[in-house]
Amino acid sequence: MAKYPLHSGVKIVNSHPEGIIAFYKPEGVLSHPNTNKIEKKALLIATYDLDKECYSWKDEGSDVEKVLYLNNRLDGPTSGIIIGTLSFEMHEAVKKAFTERHCEKEYCALVKGRVYPKRGIWQDRLKREQSKGRLTVSGGGGTICETHYESIRYKDGVVPVTLLKLMPKTGRTHQLRVQCAMRKHPIMGDKKYGDFKNNRLYAKSTGNTRLLLHASKVSIPLVFRGKTITFKAKCEKALD
C-alpha cells in the first residue's frame, strides 16, 4: 500500500487498484484546509488546492509530485468515510456517480427523543446563508434535499435518545444535521443546530461531548475506461 501523509487519526479502510481510496476521518479532523496552505488538523498533512479539490505532496527524497483528489467531504465534527481518487480521470468518474445519485451512503446518528414513525423519508427545501463569515443552513426556500431514515434503537435516560440510520439521497451542506433539528430530534452534541441544554445534560451523564454523527458506509457504482466497478467501504462506529 502506498504511503500517504495522513493525520495521526486517519486510516485507510479500503482501496481499489484503479485509484479509489476510502479513508476513515475521526471527529475533529478537517476534510481539507480552508486555504491553499498546509493544515496539520486536516485529512492529509499536505498542500491543498481549493480550485482543483486536491492534495499534493512529494515523498521525502523524491521529486515526483503525488496527488489525491477529494470526492466528498464531512464536517469537522463528523467522523466517517471520505473518498479520494488518485487521478483526475477517476475523480471525474466518481464525481459523476455522486452527481447522478448512483451512490448509496449510510450514516448513523444519535438524536434526541423517540422518533416516530420508525422509518420514512424526509424531503425539505434547505437554503444556505453566509453571515459574518459563518455558514448557516435553514429550512424554507432553497434546494430540495431528501433523506431516508430508520430508527434502530431507543434508549431512555437523563436525555432519551434514538440511534438512527440515515441514508441521504442528496448531499447538501449540513443536510442531516438540519433535517434532524427541523423535526425536533437534533443530533446529540451538535453545537450549531442542536439542543444546547440537552447536550450539556447528555455530556454530563455520559462524558460524550462530540457530535454523534458518523458516515459508516458507501457504495459507488461507476464505469471507468469501459469497465464497470462497484467500490464499497464500511467503517462502523458505536455511538451509543
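## Strand β7 and its partners

Six bridges connect strand β7 to strand β12 (residues 213-224), and the two run antiparallel. Strands are DSSP runs of E with at least two residues, helices are runs of H or I with at least four, and both are numbered from the N terminus. Two strands count as paired if DSSP finds at least two bridges between them. Within this pairing, A109 stands opposite L213 of β12. Strand β7 is also joined by six bridges to strand β11 (residues 161-168), again in an antiparallel arrangement. Here V111 has T162 of β11 as its bridge partner.

Strand β7 itself spans residues 104-112 and is mostly covered, with seven of its nine residues buried. Buried denotes under 20% relative accessible area, exposed over 50%, and partly exposed the range in between, computed with a 1.4 Å probe on protein chains only.

## Basis of the model

The model is predicted: local features require pLDDT of at least 70, side-chain atom pairs count only at pLDDT 80 or more, and totals for chains, interfaces and linings use all residues. Residues are numbered from 1 along each chain as its sequence is written, and side-chain values use heavy atoms, with hydrogens and water left out.

## Aromatic contacts

The structure holds five aromatic pairs. In one of them, the ring centres of Y4 and F23 lie 6.0 Å apart and the planes meet at 90°, so the pair is edge-to-face. This pair links distant parts of the chain, since Y4 belongs to the segment before β1 (11-16) and F23 to strand β2 (residues 20-25), 19 residues apart. Rings of Phe, Tyr and Trp (its six-membered ring) pair if their centres lie within 6.5 Å; planes under 30 degrees apart count as stacked, over 60 as edge-to-face and the rest as tilted.

Y4 is buried, with a relative accessible area of 16%, and F23 is buried at 0%. Together with W57, Y4 and F23 form one aromatic cluster. Elsewhere, R114 lies over the face of Y154, at 3.7 Å from the ring centre. A charge sits over a ring if NZ of Lys or CZ of Arg is within 6 Å of the ring centre and within 35 degrees of the ring normal.

## Helix α2

Helix α2 (residues 175-182) is largely enclosed by the rest of the structure, because six of its eight residues are buried. The buried residues are Q175, L176, R177, V178, Q179 and C180. Just after α2, K184 adopts a positive phi of about 65°.

## Pockets

The largest pocket has a volume of about 1,500 Å³. On a 1 Å grid over the protein atoms alone, a pocket is an open set of points where a 1.4 Å probe fits, with protein on both sides within 12 Å along at least five of seven lines; lining residues have an atom within 4 Å of a point. Grid points are joined across faces, edges and corners, and a volume is the space filled by probe spheres set on the points. The largest pocket is lined by 48 residues, and R73, L74, D75, G171 and T173 lie nearest its centre. Helix α1 (88-99), β7 and α2 each supply at least two residues of this lining, and α1 gives the most, with five.

The second largest pocket has a volume of about 180 Å³. Of its 14 lining residues, E106, C108, L163, S216 and E236 are the closest to its centre. The elements giving two or more residues to this lining are β7, β11 and β12.
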